[in-house]
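Trainee: I am new to this structure and would like to go through it. Please show it, and then I will ask.

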Amino acid sequence: MGAPILAPVAASSRCAFHASPGMKIRPPQIPLVPGWHLELIHCLDDINYRPPKEIPSVGLMQVNPINFDACHELLTATEQIEWIALVDSNSKAHTPIMAEMLSSCFFDFHTIPADPQLLALTLGHAAGMANLRRQARSYVDGSLDKGQLGIFGDSPIIKELRNSLAKVARNSATVLIHGESGSGKELAAQAIHDSSQRYHAPFVTVNCGAIPTELVQSELFGHERGAFTGAHQRRTGHLERANGGTILLDEIGELSLEHQVSLLRVLEERAVTRVGGSESIALDVRVIAATHVDLAAAVEAKSFREDLYYRLNVLRLDIPPLRERGDDIIELANLFLERFQRLHKTPPRAFSPQSLGAMRRHQWPGNVRELRNRIERAVVMNNRIIITPEDLGLEIRNPLWRNVETLKEARAQGERAVILRTLANCSHNISAASRQLGISRVTLYRTMRRLGVRS
């Protein structure tokens, strides 16, 4: 193709390098990038034919007017890769059409000769963004992996949250996540870590509210053997275990004032000393704190230290409660339903129109966690194909509430129930199911995609 590519392979520090035919060495204008190993490849197929987990997440491409067409072809064929361009510092190379391509098709660009350190930083940022976008695509595809369900949805408020997550993931500043219990604070923290340069390092979660007061310092900072009664051996604390990665301090508002002082000292000094020890251990940890408590109000009430609050509240994310997410509730409900049907090996089910209305009206004080638990209970305890509000433990307060549902919604749920039952009867054979339903395979596939039914 004539377009050199430096493509770091996902989940590793190996780099695939594409060169012109016959080229066997790295061109001098492509610098050695710290932390990335160049791997010579000969054509695009060398990337595309790899297993999905080894497909490059980012790439580096040398762009000039001579190889413009080749670059454009490559960009079109690899939309899943975040590209960084290398361009000649000569201004004559910057044609209007090339400037348009650089601004619209590339994550960033560097002029040749590129600074290796800056290039390594850009590659790391691009890799984080590529990871986040792959997650976003999997939300749309209906993925049920843990860590994705809590931020699944297409409501404006969730789209805004995902955009904020992408921005926060690009740096290592401390993050404060606020949200109601069960709204997905831990999942948001996991998404930040997975999309950052620290994705390959540990992600440690600590529930500060679940640690007995007398054990907080030992759990967070670790202890030496003999530091106190029962300390029979050295213990590494959570902060030290997260070194190089990310630590989530969940329910940070539950820490006592005494322990807040100790934590602030560690965050300021970027070092920790184990209980009973004298050695100061340097820390390189990104801190994410989460709470359902209004910490600003807690500061006013003198139950939370103001200096620690400002130390944690560098970047803030607010996780919306489920009741504010509109039709995301229904999409999440269908995803949970399919997940638990597979987990518990039960026949396919569908929600009645009444259930959809009840779920929309419910205030969800337990948020996504409550939705998940109610649906799992309904799947396990109910033998009927249609799940009713009673199965979900939701009340029908208005006897005329059926009028709230639209004909379109009722028809969709009926179609979904029939397709799920037919697929189960046909052992999920699409051809057999389409024949039994009296429609073509293409029509069945389209209907399944429209209704969010997975084969």
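Mentor: Begin with Asn367, which is found in helix H14; helices are DSSP runs of H or I with at least four residues, strands are runs of E with at least two, and both are numbered from the N terminus. The model is predicted, so local features need pLDDT of at least 70 and side-chain atom pairs count only at pLDDT 80 or more, while totals for chains, interfaces and linings use all residues. Residues are numbered from 1 along each chain as its sequence is written, and side-chain values use heavy atoms, with hydrogens and water left out.

Trainee: Is Asn367 buried or exposed?

Mentor: Buried means under 20% relative accessible area, exposed over 50%, and partly exposed in between, with a 1.4 Å probe and protein chains only. Asn367 has a relative accessible area of 0%, so Asn367 is buried.

Trainee: Where is Trp364, and what is its phi?

Mentor: Trp364 sits in the loop between helix H13 (353-361) and helix H14 (367-381). Its relative accessibility is 1%, so Trp364 counts as buried. Trp364 is not a glycine, but its phi is positive, about 50 degrees.

Trainee: Which residue does a cis peptide bond join to Ile112?

Mentor: Most peptide bonds are trans. Here omega is about 5 degrees, and the bond is cis.

Trainee: Which residues line the largest cavity?

Mentor: On a 1 Å grid over the protein atoms alone, a cavity is a set of points where a 1.4 Å probe fits but cannot get out, and lining residues have an atom within 4 Å of a point. Grid points are joined across faces, edges and corners, and a volume is the space filled by probe spheres set on the points. The largest cavity holds about 50 Å³ of space. Its lining is Leu239, Val266, Leu267, Arg270, Leu283, Val285 and Val287.

Trainee: About how much space lies in the second largest cavity?

Mentor: His125, Asn171 and Arg286 are among the residues that line the second largest cavity. The space in the second largest cavity is about 40 Å³.

Notes
On a 1 Å grid over the protein atoms alone, a cavity is a set of points where a 1.4 Å probe fits but cannot get out, and a pocket is an open set with protein on both sides within 12 Å along at least five of seven lines; lining residues have an atom within 4 Å of a point.
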